[in-house]
Amino acid sequence: GWFRNPPRKPWALCVPYEMAGETKACYPDLIVFRKAKGQIVTDLLDPHDSGLPDAVDKAHGLAEYAKKHGDQFGRIELITVVKGEIKRLKLTDERTSAEVLRARDKAYLDKLFAD
């Protein structure tokens, strides 16, 4: 099953991120529940356009969240579409998270999706 995580509800799942020195709130779009080895596993999926002004900052916030809480989820992923193809960054992977945290601009983030 899946749940569309609504923004700005007091009970919605919120991931903090920093933008211009201010703490902001990211609400990953989808919370997905699936069975794996007889257990319910929860995934956080956030489709996001890398061209938006907050894209890199939100990516950093989700990567930090994955570092702290990734063991409680099956997947935490940033998702975008590149040339009609769905691309994912698996933030529960430590190397991927580290690369996302190095991103300082859209070009670097786009390169990660392209690799």
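1. Helices (H or I, at least four residues) and strands (E, at least two) are DSSP runs, numbered from the N terminus. Buried means under 20% relative accessible area, exposed over 50%, and partly exposed in between (1.4 Å probe, protein chains only). Contact means heavy atoms within 4.5 Å.

2. This is a predicted model, in which local features need pLDDT of at least 70 and side-chain atom pairs count only at pLDDT 80 or more, while totals for chains, interfaces and linings use all residues. Residues are numbered from 1 along each chain as its sequence is written, and side-chain values use heavy atoms, with hydrogens and water left out.

3. Helix α1 holds 15 residues (residues 55-69), so at 1.5 Å a residue it should span 21 Å; its end C-alpha atoms are 21 Å apart, which agrees. The expected span is 1.5 Å times one less than the number of residues. The helix is mostly covered, with 11 of its 15 residues buried.

4. I76 illustrates the packing. Neighbours within four places in sequence aside, I76 is in contact with L44, L62, Y65, A66, G70, L89, K90, L91 and T92.

5. One cavity of 30 Å³ or more is counted. The largest cavity holds about 40 Å³ of space. A cavity is a set of points, on a 1 Å grid over the protein atoms alone, where a 1.4 Å probe fits but cannot get out; lining residues have an atom within 4 Å of a point. Grid points are joined across faces, edges and corners, and the volume is the space filled by probe spheres set on the points.

6. Lining the largest cavity are H48, D49, S50, A55, A59, L78, L109 and F113. Both α1 and α3 supply at least two residues of this lining. By class the lining has five nonpolar, two polar and one charged residues. Ala, Val, Leu, Ile, Met, Phe, Trp, Tyr, Cys and Pro count as nonpolar, Asp, Glu, Lys and Arg as charged, and the others, Gly among them, as polar.

7. D49 sits in the loop between β5 and α1. D49 counts as partly exposed because its relative accessibility is 45%. Beyond four places in sequence, D49 is in contact with A55 and T80. D49 and K106 lie 57 residues apart in sequence and 9.8 Å apart in space, C-alpha to C-alpha.

8. W11 lies in the loop between β1 (2-4) and β2. At 57% relative accessibility, W11 is classed as exposed. W11 touches F3 and P6, residues up to four places away in sequence not being counted.

9. A20 is in the loop between β2 and β3, and K83 is in the loop between β6 and β7 (85-90). Relative accessibility is 87% for A20, which counts as exposed, and 85% for K83, also exposed.

Terms used: On a 1 Å grid over the protein atoms alone, a cavity is a set of points where a 1.4 Å probe fits but cannot get out, and a pocket is an open set with protein on both sides within 12 Å along at least five of seven lines; lining residues have an atom within 4 Å of a point.
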